[in-house]
Amino acid sequence: QVQLVESGGRLVQAGGSARLSCAASGRTINANAMGWFRQAPGKEREFVAGINWVGGSVYADSVKGRFTISRDNAKNTVFLQMNNLKPEDTAVYYCALRMGGSVSQIQYDYWGQGTQVTVSS
């Protein structure tokens, strides 16, 4: 059974930074794509960033130039570095694993429980 555990969510002031981690167990992430999603109160869950098995990345327009997704296969962990945070980035952030190497903005097979990021103005 695959488990994904996010960490790093916190309260941060606008303009600040935060780094989220997602540790996987039960399956190595090496040959799989990984993604980050977020869900704000009253809104649908949305794609934030994805990384394929060779390290190629895709970002939502709203976070391009501010967020960076990366992976450490040796540690079976994916990261989301978030800089210049804005109040509209406030959400629960979820990590997801997609079987196979290609990134999707929709279909993922396993999900974490989420971590809260709150950006104050």
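This is a predicted model: local features need pLDDT of at least 70, side-chain atom pairs count only at pLDDT 80 or more; totals for chains, interfaces and linings use all residues.
Strand S3 (residues 18–25) runs antiparallel to strand S8 (residues 77–82), and six bridges join them. Serine 21 has phenylalanine 79 as its bridge partner in S8.

Four aromatic pairs occur in the structure. In one of them, the ring centres of phenylalanine 37 and phenylalanine 47 are 5.5 Å apart. Their planes stand at 80°, so this pair is edge-to-face. The pair links distant parts of the chain, ten residues apart. Phenylalanine 37 belongs to strand S4 (residues 33–39), and phenylalanine 47 to strand S5 (residues 46–51). Both residues are buried. Tyrosine 108 and tryptophan 111 also form a pair, with ring centres 6.1 Å apart. Here the planes are at 65°, so the pair is again edge-to-face. Tyrosine 108 is buried, at a relative accessible area of 9%. Tryptophan 111 is partly exposed, at 28%. Ring pairs join Phe37, Phe47, Tyr108 and Trp111 into a cluster.

The largest pocket has a volume of about 150 Å³. It is lined by 13 residues, of which Arg38, Ala40, Lys43, Glu46 and Glu88 are the closest to its centre. The lining comprises eight charged, three polar and two nonpolar residues.

Methods
Residues are numbered from 1 along each chain as its sequence is written. Side-chain values use heavy atoms; hydrogens and water are left out. Two strands pair if DSSP finds at least two bridges between them. Helices (H or I, at least four residues) and strands (E, at least two) are DSSP runs, numbered from the N terminus. On a 1 Å grid over the protein atoms alone, a cavity is a set of points where a 1.4 Å probe fits but cannot get out, and a pocket is an open set with protein on both sides within 12 Å along at least five of seven lines; lining residues have an atom within 4 Å of a point. Grid points are joined across faces, edges and corners, and a volume is the space filled by probe spheres set on the points. Ala, Val, Leu, Ile, Met, Phe, Trp, Tyr, Cys and Pro count as nonpolar, Asp, Glu, Lys and Arg as charged, and the others, Gly among them, as polar. Rings of Phe, Tyr and Trp (its six-membered ring) pair if their centres lie within 6.5 Å; planes under 30 degrees apart count as stacked, over 60 as edge-to-face and the rest as tilted. Buried means under 20% relative accessible area, exposed over 50%, partly exposed in between (1.4 Å probe, protein chains only).
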